[in-house]
Amino acid sequence: MTTHSVISANNLSLTFDTADGPVHALKDISLEIKKGEFVSFIGPSGCGKTTFLRVAADLEDPTSGTITVNGMSPSKARQLRAYGYVFQA
């Protein structure tokens, strides 16, 4: 049985431009999550957990790098409803 990547990120970065200067929300993130794996993102407030999920859900565009969701771009996966996303608030 071959398992495919549900989420695959390669050198993913996202920088927000603010009045105080650039904020590097994600920097050079590379990971692969395969079908059936259980993954938790754990870290302090502001470390990029939600930002990464927002990029995967096509709610934010990365500054650089690549990400696929179920083998396609986040935009295509969203259009095909190839994932589910529950907002925390």
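This is a predicted model: local features need pLDDT of at least 70, side-chain atom pairs count only at pLDDT 80 or more; totals for chains, interfaces and linings use all residues.
## Overall fold

The protein contains 2 helices and 3 strands. Read from the N terminus, its elements follow the order β-β-α-β-α. The radius of gyration is 13 Å, close to the 12 Å given by the globule rule for 89 residues, so the protein is as compact as a globular protein of that length.

The C-alpha trace spans about 50 × 30 × 25 Å along the principal axes. Of the 89 residues, 22% count as buried. Among contacts between residues at least 6 apart in sequence, 53% join residues at least 24 apart.

Strand β1 covers residues 5-18, and strand β2 covers residues 21-34. The two pair in the antiparallel sense over 10 bridges. They form a hairpin, with 2 residues between the strands. Strand β1 also pairs with β3, residues 64-69. That pairing is antiparallel too and runs over 5 bridges.

Individual positions show how the strands are set against each other. Ile7 stands opposite Ile33 in β2, and Ile7 also stands opposite Val69 in β3. Ser8 stands opposite Glu32 in β2.

## The largest pocket

The largest pocket has a volume of about 220 Å³. Its lining is made up of 14 residues. Those nearest the centre of the pocket are Ile7, Leu53, Ala56, Tyr83 and Gly84. Two elements, β1 (5-18) and α1 (49-56), each give two or more residues to the lining.

## Two loop residues with positive phi

Most residues other than glycine have a negative phi. Asp58 has a positive phi, near 65°. Asp58 is found in the loop between α1 and β3.

Asn70 is not a glycine either, and its phi is positive at about 55°. This residue is found in the loop between β3 and α2, where α2 covers residues 74-79.

Asn70 has a relative accessible area of 24%. Buried means under 20% and exposed means over 50%, so a residue between these limits is partly exposed. Asn70 is therefore classed as partly exposed.

Leaving aside neighbours within four places in sequence, Asn70 is in contact with His4, Ser5, Val6 and Ala82. Ser30 is 40 residues from Asn70 in sequence. In space, the C-alpha atoms of Asn70 and Ser30 are 16 Å apart.

Notes. Residues are numbered from 1 along each chain as its sequence is written. Side-chain values use heavy atoms; hydrogens and water are left out. On a 1 Å grid over the protein atoms alone, a cavity is a set of points where a 1.4 Å probe fits but cannot get out, and a pocket is an open set with protein on both sides within 12 Å along at least five of seven lines; lining residues have an atom within 4 Å of a point. Grid points are joined across faces, edges and corners, and a volume is the space filled by probe spheres set on the points. Helices (H or I, at least four residues) and strands (E, at least two) are DSSP runs, numbered from the N terminus. Two strands pair if DSSP finds at least two bridges between them. The radius of gyration is taken over C-alpha atoms; the globule rule is 2.2 Å times the number of residues to the power 0.38. Buried means under 20% relative accessible area, exposed over 50%, partly exposed in between (1.4 Å probe, protein chains only). Contact means heavy atoms within 4.5 Å.
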